[in-house]
Amino acid sequence: MMKTPTQPLNINFENLSVTYSNGKLALYNASSSVKQGSITALVGPNGGGKSTLFKAIMGFLKPTVGKVSIGNLSVSEAQKSQLMAYVPQADEVDWDFPVSVFDVVMMGRYGYMNFLRIPSQKDRRLVMESLERVNLVDFRHRQIGELSGGQKKRAFLARALAQEGKVILLDEPFTGVDVKTEKNIIDLLIQLREEGHTILISTHDLASIATFCGHRRCGYADRTILLNRTILAEGVTEETFTEENLTMTFGGLPMNSVKQIFN
Ligand SMILES: Nc1ncnc2c1ncn2[C@@H]1O[C@H](COP(=O)(O)OP(=O)(O)OP(=O)(O)O)[C@@H](O)[C@H]1O
């Protein structure tokens, strides 16, 4: 039987460690809670373990140590109830695959269909509404590879909306996206927060961090988690997003790029 959520859909993870089969320790002893109705930024350098943490949260990989829950549900229970949606990084997708934008968004409905996968009226309606929300209705017949970087992100965001997932993880949604699209995505995320979703966004790009959360205008990310193999700092964005914390997280990179954010 499907277990129903009786607690807020917070993403809780405790003492998570992930060692890959080649012996690489990608994530060490990470614990946190991402609250329902908030936007949390997961910020750290390339290779810092953001995607690994996402995959552990989504249940795509089993942590070596530690556990994840979504409110009172296990990850697999939350997955079965279609509560979890994932917007992947561009390089995780086969863009040559012969599917249209409409088809990709319809995949968000597969979990609700039987094995014949015949879409109902409701499935079609939700797909069209999701395409409208990301402004891609006119592109719905395009092959997915024939979209710009920003349009591709929006297509996968529409898939997440069509799925009606309450917990949404976005892996690097601003990479390769122009400023206008970035703003559109942010506006949509703010609406989703108001609708009570749990939103976790990863980014490694200091320039994009500066636009979405410069020192003096911590825009929309309520909370920030700084990750470099382990959680180095976390909390309310204004307090966490300090020069000292960023230098610690991005240590090894030219610190000019960190300094620029604060000037
Ligand atoms: N399947 C794998 N097998 C072995 N090592 C891996 C695997 N996937 C990732 N790694 C390694 O684990 C570390 C963390 O990688 P991960 O992809 O989680 O980082 P990230 O913060 O998401 O980086 P990016 O911003 O580049 O996406 C890296 O050193 C990476 O090379």
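Me: Is α1 largely enclosed by the rest of the structure or open, and why?
Reply: In this predicted model, α1 is largely enclosed by the rest of the structure, because nine of its nine residues are buried.

Me: Which residues are those?
Reply: The buried residues of α1 are Lys-50, Ser-51, Thr-52, Leu-53, Phe-54, Lys-55, Ala-56, Ile-57 and Met-58.

Me: What happens just after α1?
Reply: Gly-59 follows there, with a positive phi of about 80°.

Me: Turning to the ligand, what does α1 give to the shell around it?
Reply: Helix α1, residues 50–58, gives the most to that shell, with three residues.

Me: And which residues come nearest to the ligand?
Reply: Tyr-20, Ala-26, Lys-50, Ser-51 and Thr-52 come nearest, out of 13 residues around the ligand. Lys-50, Ser-51 and Thr-52 are also among the buried residues of α1.

Me: Now the core. Which residues touch the most other members of the largest nonpolar core?
Reply: Ile-70, Val-105, Ala-158 and Leu-169 do, in a core of 60 residues. The largest share of this core comes from α5, which supplies seven residues.

Me: What does Ile-70 touch?
Reply: Leaving aside residues up to four places away in sequence, Ile-70 touches Leu-9, Ile-11, Val-75, Ala-78, Leu-83, Met-84 and Val-167.

Me: Buried or exposed, and why?
Reply: Arg-117 is exposed, because 11 other C-beta atoms lie within 10 Å, and the cut-off for exposed is 12 or fewer.

Me: What about Glu-164, where does it lie?
Reply: Glu-164 lies in the loop between α5 (149–162) and β7 (167–171). The phi of Glu-164 is positive as well, near 60°. Glu-164 counts as partly exposed because it has 15 C-beta neighbours inside 10 Å.

Conventions
Residues are numbered from 1 along each chain as its sequence is written. This is a predicted model: local features need pLDDT of at least 70, side-chain atom pairs count only at pLDDT 80 or more; totals for chains, interfaces and linings use all residues. A residue is buried if 20 or more other C-beta atoms lie within 10 Å of its own, exposed if 12 or fewer, and partly exposed in between; C-beta atoms are placed from the backbone. Helices (H or I, at least four residues) and strands (E, at least two) are DSSP runs, numbered from the N terminus. A nonpolar core is a set of buried Ala, Val, Leu, Ile, Met, Phe, Trp, Tyr and Cys residues joined through C-beta atoms within 7 Å. Two residues are in contact if their C-beta atoms, placed from the backbone, lie within 7 Å. A residue is near a molecule or strand if its C-beta atom, placed from the backbone, lies within 6 Å of it.
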